[in-house]
Amino acid sequence: MEPTDYYPVPHAVAKHANLDANDYQQLYQYSITHPEQFWEEQAKARLSFSKSWDTVHNSNLSQGKIRWFEGAQLNIAYNCIDRHLKKHADKVAFIFEHNDPTQSYSLTYQQLHEQVCKLANVLKAYGIEKGDRVCIYLPMIAEAAIAMLACARIGAIHSVVFGGFSADALANRIDDCQAKVMITSDGGYRGNKITPVKANVDKALQHTSYIKHVIVIEVTKTPIDWNSERDIWYHHVMEKANNDCPCEPMQAEDPLFILYTSGSTGKPKGVLHTSAGYLLYAATTFDYTFDYHEGDIFWCTADIGWITGHSYCVYGPLANGATSVLFGGTPDYPDYSRFWQVIDKHQVNLFYTAPTAIRSLMRQGNAPLQTTSRQSLRILGSVGEPINPEAWHWYYHHVGQERCRVVDTWWQTETGGHLLTPLPGATPLKPGCATQPFLGIQPAILDTDGNECQGACEGILVIKQDWPGMLRSIWQNHQRFIDTYLAPYKGYYFTGDGAKRDQDGDYWITGRMDDILNVSGHRFSTAEIESTLVKHPAVAEAAIVGYPHDTKGQGIYAYITLMNNTQPSDDLKKQLISYVRQKMGPIYGIDLIQWAPNLPKTRSGKIMRRLLRKIAANKLDNLGDTSTLADSDALNNLIEDRQNIETP
Ligand code: WTA
């Protein structure tokens with residue numbers, strides 16, 4: 001390997017890190033040979049329980065039974081806030097950096113406690129009890145974290161829906177989990193735009209009847225429709241609410257939250273995480289992966305609507321008593337130096353963002369970096385998709401000035417926290433490589449027959465044993481949980497990703513093995529987009545594939561067969577693109593449409609997506625075996641037409 005592609009741990013870094021290479025080796029071996037002892041020690045050191053456990057680990061992976069710390073009781077909000085008050089009441093928990101750079105403010109642990117208690121009492125007053133579901137549909141504001149913690153305090157299960165999802169998507173999620181209360185806002189800020197939020201809720205609630213009360217946070221002061229039987233202003237009820245609210249004792253395996261994620265079949269899956277194991281895993285990974293030291297300022301740029309926001313904006317940092325930045329803006333507003341300005345302004349030490357953001361900032365060149373120093377930075381994290389070496393180098397050399405360790409963290413909504421990642425003081429870095437398993441994680445690579453490959457190899461990435469942060473089920477559909485993750489390869493957790501292991505035993509993620517796209521670090525189900533498109537009266541059939549995209553990682557490419565009586569036109573393309581955005585949410589931006597009078601199918605009628613991906617990527621030199629095609633004209637026509645479509 002080229003020496004420039006390998007970055008050993010400098011001595012000074014190893015010396016001051018929570019774990020150096022030796023510590024990691026020893027602790028890793030211990031964690032996989034004695035998982036119960038290892039996690040029991042971590043739990044004792046990191047969490048407070050009001051009752052201890054009967055068993056540390058009581059799982060059967062093939063049967064879909066995952067249990068950690070059974071019999072124990074704790075409260076997640078207590079662990080994230082109350083227990084820090086004795087020593088750290090005045091320590092800042094969150095620095096909220098507003099979209100408008102002049103409007104930031106901080107919340108201490110004491111202030112966070114007060115807000116969370118008040119909102120918890122409000123929820124109780126509106127009939128929310130332990131086990132009830134509360135839907136949170138908000139822009140990125142500190143109240144989103146307050147809302148999650150208020151639920152946790154009283155044992156309600158939160159279901160946060162990302163603000164970029166449409167009214168329809170929101171309604172489906174409310175229906176699936178039967179949420180009784182909605183917490184939302186009038187609008188949201190995004191750069192120089194104001195986005196509608198309450199209007200989407202109003203629309204969603206026309207299609208579902210579960211929500212009884214809508215608590216509305218005033219953010220943008222934009223005019224909104226008001227239903228006085230259902231809608232409540234947050235600031236009115238918070239003003240009167242009592243700031244004393246006892247924590248509900250929860251069982252270790254009681255649900256903490258549901259978070260919907262795209263599945264390879266149409267319907268999103270309600271990934272269910274429970275209490276003790278999830279928090280322990282978020283806390284442990286936060287501490288070791290970011291090499292957290294007391295006093296560090298941490299900033300995760302993810303929105304709270306995604307798992308990264310759950311684990312590393314809220315639960316992981318708070319469980320460690322850390323101070324973190326919550327960011328309500330965008331990387332390009334007021335200009336492309338915003339991230340770097342915020343880092344200097346709040347003296348951020350640990351920074352965590354996505355490759356798509358890095359790539360879009362890299363395209364602006366180094367000028368936006370030059371107005372800032374970024375001297376406070378020590379760790380640079382990456383999450384959400386493979387980071388291409390070019391972006392890695394820019395991040396390492398230019399953003400971090402070759403001083404910071406880059407942690408390329410591979411994980412999923414389902415895993416609760418990092419599963420593969422370098423550790424700053426322990427792991428030599430290779431650009432684009434997720435390197436080594438986290439403590440307690442045993443990855444394996446299988447061939448297509450399900451046999452474990454040894455040594456350097458490439459194949460299907462699976463995990464051999466459950467870990468505390470793993471999802472426990474799909475909400476109200478345990479069979480789907482088993483079928484999706486546990487049945488494909490018996491005895492393993494199936495990740496859906498492919499990976500390579502190199503001669504050093506380091507793991508490189510090669511991408512999804514299924515029909516999930518990763519667009520700007522977000523998961524999209526091709527099936528879901530296809531079923532939305534075919535609802536449009538002009539569309540007879542649709543096939544969605546991903547293609548390589550400079551900033552987004554993958555772009556969305558749609559092959560569309562129109563109804564017989566419909567004429568293709570550029571205007572219709574625009575209509576279809578906006579139809580999908582409107583039905584599914586503004587994040588579902590189709591990049592390219594190619595008309596497909598016929599789709600290439602096998603004789604049994606299956607669309608040959610492999611070929612569609614090649615055409616979309618304009619990689620036509622080696623199409624592989626096409627002998628199973630029912631009609632080769634369909635393929636040839638698409639190849640010919642592809643030349644007329646410009647890739648942006
Ligand atoms: C991809 C986000 C390569 C992967 C935390 C995974 C990555 C999916 C990385 C999960 C990474 C995430 N390198 N690929 N560092 N991180 N992925 O559920 O395909 O939104 O299965 O969770 O993103 O996406 P999710």
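## Helix packing and sheets in a predicted model

In helix α8, the residues K198, N200, V201, D202, A204 and L205 are buried, where buried means under 20% relative accessible area, exposed over 50% and partly exposed in between, with a 1.4 Å probe and protein chains only. The model is predicted: local features need pLDDT of at least 70, side-chain atom pairs count only at pLDDT 80 or more, and totals for chains, interfaces and linings use all residues. Residues are numbered from 1 along each chain as its sequence is written, and side-chain values use heavy atoms, with hydrogens and water left out.

Helices (H or I, at least four residues) and strands (E, at least two) are DSSP runs, numbered from the N terminus. Helix α8 spans residues 198-205 and is mostly covered, with 6 of its 8 residues buried. Its buried residues pack against α7 (167-177), β8 (181-185), β10 (193-196), β11 (213-217) and β12 (231-233); contact means heavy atoms within 4.5 Å.

Strands β12, β11 and β8 also belong to an open sheet of 8 strands, ordered β12-β11-β8-β6-β7-β14-β15-β23, with mixed pairing. Because β12 and β23 (473-474) stand at the edges with a single partner strand each, one side of each is left without a neighbour in the sheet. Two strands pair if DSSP finds at least two bridges between them. Within this sheet, β14 (residues 255-261) and β15 (residues 269-274) are antiparallel and share 6 bridges; P255 is placed opposite T274 in β15.

A further open sheet has 7 strands in the order β5-β4-β17-β16-β18-β19-β20, again with mixed pairing. Its edge strands, β5 (105-108) and β20 (405-409), each pair on one side only. On average, neighbouring strands here are turned by 20 degrees against each other, direction ignored. Strand β18 (residues 350-353) has L350 and Y352 pointing one way and F351 and T353 the other, and all are buried. In a regular strand the side chains alternate between the two faces of the sheet. Strand β18 pairs in the parallel sense with β16 (residues 297-300) over 3 bridges, with L350 as the bridge partner of F298. Strand β18 is also joined by 4 bridges to β19 (residues 379-383), running parallel, and there F351 has L380 as its bridge partner.

Helix α5 lies across β4 (92-97) and β5, at about 80 degrees to β5. Helix α6 packs on the sheet as well, touching β4, β5 and β17 (323-327), and its direction makes about 20 degrees with that of β5. Axes are lines fitted to C-alpha atoms, for helices over the stretch in contact, and angles run from 0 to 180 degrees between N-to-C directions.

| Helix pair | Axes come within | Crossing angle |
|---|---|---|
| α5 (residues 109-125) and α6 (residues 142-154) | 8 Å | roughly 65 degrees |
| α4 (residues 76-88) and α6 | 7 Å | roughly 115 degrees |

The contact of α5 with α6 includes L112, V116 and L119 of α5 and I146, L149 and A150 of α6. By class, this contact has 12 nonpolar, 2 polar and 2 charged residues. Ala, Val, Leu, Ile, Met, Phe, Trp, Tyr, Cys and Pro count as nonpolar, Asp, Glu, Lys and Arg as charged, and the others, Gly among them, as polar. In the other pair, I76, A77, C80, I81 and D82 of α4 meet L149, A152 and R153 of α6, giving 6 nonpolar, no polar and 2 charged residues.
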